[in-house]
Amino acid sequence: MKIPSPATEPRSLSQSRGECGAASAKRLSILLVNYNGGRYLGPCLESIHCYAPPETQVILEDNASTDGSVEAAGKKYPWLHIIRSNRNLGFAGGNNLAGKNARGRFVLLLNTDTLLLEPIAPVVDWLKSHPSYGALTINMLDGERIPRACTGRFPSAMRLALLRSMLVSPGSYGAEEAYDVDWVQGSFLLIRADLWNTLNGLDERYFMYAEDVDLCKRIRDAGFRCAYLPHLQYLHWGGFVPSRFPDQVCGLATYVERHMAGPQLLLCRAVLFGGCLSRAAFYQARGVLRNREIDRTKAKASWSAFEALIQRQA
């Protein structure tokens with residue numbers, strides 16, 4: 001994973017950022033959550049070294065990794081502020097633990113399987129100069145440098161029936177500098193630190209998936225907007241695999257329970273239950289007809305998601 005060379009040679013983080021654990025205020029705090037991320041963590045940190053602005057604090061929370069990745073990172077990057085957990089807290093819990101030590105005026109949630117591709121100071125400056133916005137993201141590229149959806153619309157019964165409709169394709173945006181969006185993906189989510197603290201960070205009832213949608217909903221409820229800046233880019237290696245479908249459904253179920261009530265709550269629950277069952281039946285039948293393992297895997301994941309929803313109601 002080659003890191004693009006910066007336009008100018010960056011100063012050493014230990015010199016330009018100061019001691020990461022110091023109590024003095026910083027411009028930006030970057031929060032990283034690591035769980036056996038040895039393959040991606042080093043390149044991610046190297047890209048931060050290249051493209052993070054001066055006065056940046058970098059905090060790495062480790063969720064009880066066993067691959068030696070956090071030890072290697074601490075040795076190579078002495079400016080890194082490492083916080084260890086003795087168990088896997090998930091994305092929300094890990095970011096909240098890291099966030100307790102944040103000293104920046106802005107907080108950036110950044111996945112460890114990402115690469116910064118250009119200086120991010122303009123991103124911070126944009127949010128600073130637009131006080132009506134609470135959070136933002138930038139254009140997300142996959143490993144083939146193809147733009148992928150990283151913004152979306154808040155869940156509704158209709159959108160839960162077709163989950164892809166929650167996402168907004170990057171091709172839907174034009175040439176404007178920024179766009180208002182409902183929610184932005186948590187793999188690169190910049191938020192005002194005072195707002196992050198007021199909202200108490202991420203909701204830890206979400207272990208994985210939809211915690212970023214929930215955060216953006218609470219940002220909107222607090223009177224702020226979320227923005228997407230399409231002309232600035234980062235790379236995200238991660239991708240969705242069928243085995244994670246139950247986690248995705250459980251995250252959406254948590255969102256529904258937290259933000260909906262009355263008939264809307266009942267309808268959205270029914271859509272999630274029905275969607276899992278119909279998806280399981282569809283992929284099971286297609287797996288028999290086409291004899292494809294991927295269809296059988298999706299059928300199994302859909303049934304597991306249905307069982308997880310049943311357990312939540314027990």
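Both Y173 and Y228 are buried (under 20% relative accessible area; exposed is over 50%, partly exposed in between, with a 1.4 Å probe and protein chains only). Their ring centres lie 4.6 Å apart with planes at 45 degrees, so the pair is tilted. Y173 sits in the loop between strand 9 (167–168) and strand 10 (179–181), and Y228 in strand 13 (residues 225–236), so the pair ties together parts 55 residues apart in sequence.

This is a predicted model: local features need pLDDT of at least 70, side-chain atom pairs count only at pLDDT 80 or more, and totals for chains, interfaces and linings use all residues. Residues are numbered from 1 along each chain as its sequence is written, and side-chain values use heavy atoms, leaving out hydrogens and water.

**Aromatic rings**
- The structure holds eight aromatic pairs (Phe, Tyr or six-membered Trp rings with centres within 6.5 Å; planes under 30 degrees apart are stacked, over 60 edge-to-face, the rest tilted).
- Y173, Y179 and Y228 form one aromatic cluster.
- F282 and Y283 have ring centres 5.1 Å apart and planes at 75 degrees, so this pair is edge-to-face.
- F282 is partly exposed at 44% relative accessibility, while Y283 is buried at 13%.

**Overall build**
- The protein has eleven helices and 13 strands (DSSP runs: H or I of at least four residues, E of at least two, numbered from the N terminus).
- Its C-alpha atoms fill a box of roughly 60 × 40 × 40 Å along the principal axes.
- Of the 314 residues, 52% count as buried.
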